[in-house]
Amino acid sequence: FETLYPQYLSYAQPSLYVQGSAQRVHDTVAANYKALGNRRAILPWLTAGTYGEFPPEQLEQMILEAYLNGAIGVTYYQFRDFEPLDFYYHAQAHRYLIPYAQLLQQGAMIGVAAEREELTYSGFGTATEALVLVGNYRQRNALETGIALQDREILEMKDVKTSEPVAPKGRISVPPQGQRLLWVKFREVQP
């Protein structure tokens with residue numbers, strides 16, 4: 001692929017038929033973004049269970065990981081494998097992201113300080129705001145973490161799903177096998 005892009009291929013389409021593994025979506029899309037440096041060049045394939053069924057809420061997790069790690073969108077293999085709840089969680093993920101469409105179009109990946117190695121951190125934003133996604137995919141209990149952005153001071157933060165404010169220096173609890181999606185307003189810190 002690297003020898004063909006961008007002269008012969010316009011974008012990468014990694015096949016992520018990973019039975020609901022948001023962690024694998026995170027890792028693959030982030031690696032593609034790092035290699036290509038271009039959000040418009042990544043359009044992963046997901047599935048709602050063609051190669052193994054999984055809980056429908058994991059589809060939402062995979063979609064959020066794709067967008068927050070540099071994908072321009074998602075596409076699917078085998079719509080006939082969708083069940084009603086798969087469509088619901090697909091719509092939920094996009095409902096959370098629609099208010100931030102401009103941020104996602106204009107932004108880039110930003111560094112989130114990984115306080116806990118058991119959690120998965122993603123950040124995508126502009127010079128003044130970002131979406132931060134924290135996943136707890138490998139643990140069977142809730143884990144607490146703080147949010148810190150590299151070279152940035154957080155001024156304001158809220159939970160995107162609930163619209164509840166979060167204290168900028170406070171801690172959040174990430175449910176087991178779940179994730180938290182946060183909107184963060186910040187300013188860059190001068191060295």
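Analyst: This is a predicted model. Tyr-17, Tyr-51 and Tyr-77 form one aromatic cluster. The count of aromatic pairs comes to seven.

User: Why is the pair of Tyr-51 and Tyr-77 called stacked?

Analyst: A pair of aromatic rings is described by the distance of the centres and the angle of the planes. The ring centres of Tyr-51 and Tyr-77 are 6.0 Å apart, and rings pair if their centres lie within 6.5 Å. Their planes stand at 5°, and planes under 30 degrees apart count as stacked. The pair is therefore stacked.

User: What makes this pair a link between distant parts of the chain?

Analyst: The two residues are 26 residues apart. Tyr-51 is in the loop between strand E1 (45–46) and H2, while Tyr-77 is in the loop between strand E2 (75–76) and H3.

User: Why is the pair of Tyr-88 and Tyr-89 called edge-to-face?

Analyst: The planes of Tyr-88 and Tyr-89 stand at 85°, and an angle over 60 counts as edge-to-face. Their centres are 4.9 Å apart, and the limit for a pair is 6.5 Å.

User: Are Tyr-51 and Tyr-77 buried, exposed or partly exposed, and how do you know?

Analyst: Buried means under 20% relative accessible area and exposed means over 50%. Tyr-51 has 46% and Tyr-77 has 29%. Both values fall in between, so Tyr-51 and Tyr-77 are partly exposed. Tyr-88, at 42%, also counts as partly exposed.

User: How do you know that Arg-39 lies over the face of Phe-124?

Analyst: Arg-39 is at 4.3 Å from the ring centre of Phe-124. The distance limit is 6 Å, and the charge must also be within 35 degrees of the ring normal. Arg-39 is assigned to the face of that ring.

User: Where does Phe-124 sit in the pairing of strands?

Analyst: The bridge partner of Phe-124 in E5 is Leu-131. Strand E4 (residues 120–125) pairs with E5 in the antiparallel sense, over six bridges. Two bridges are enough for strands to pair. The open sheet has five strands in the order E3-E4-E5-E9-E7.

User: What makes E3 and E7 the edge strands?

Analyst: Strand E3 (108–109) and strand E7 (152–159) each pair on one side only.

User: Which residues have the most contacts inside the largest nonpolar core?

Analyst: Leu-131 and Leu-181 do, in a core of 38 residues. The largest share, seven residues, comes from H2. Among the residues that Leu-131 touches are Leu-68, Phe-124 and Leu-181.

How values were computed
Residues numbered from 1 in each chain as written. Predicted model: local features only at pLDDT ≥ 70, side-chain atom pairs only at ≥ 80, totals over all residues. Heavy atoms only, no water. Core = buried A, V, L, I, M, F, W, Y, C linked by side-chain atoms within 4.5 Å. Buried < 20%, exposed > 50% of the residue type's maximum accessible area, 1.4 Å probe, protein only. Helix = DSSP H or I, 4+ residues; strand = E, 2+ residues; numbered from the N terminus. Contact = heavy atoms within 4.5 Å. Lists of a residue's contacts leave out its neighbours within four places in sequence.
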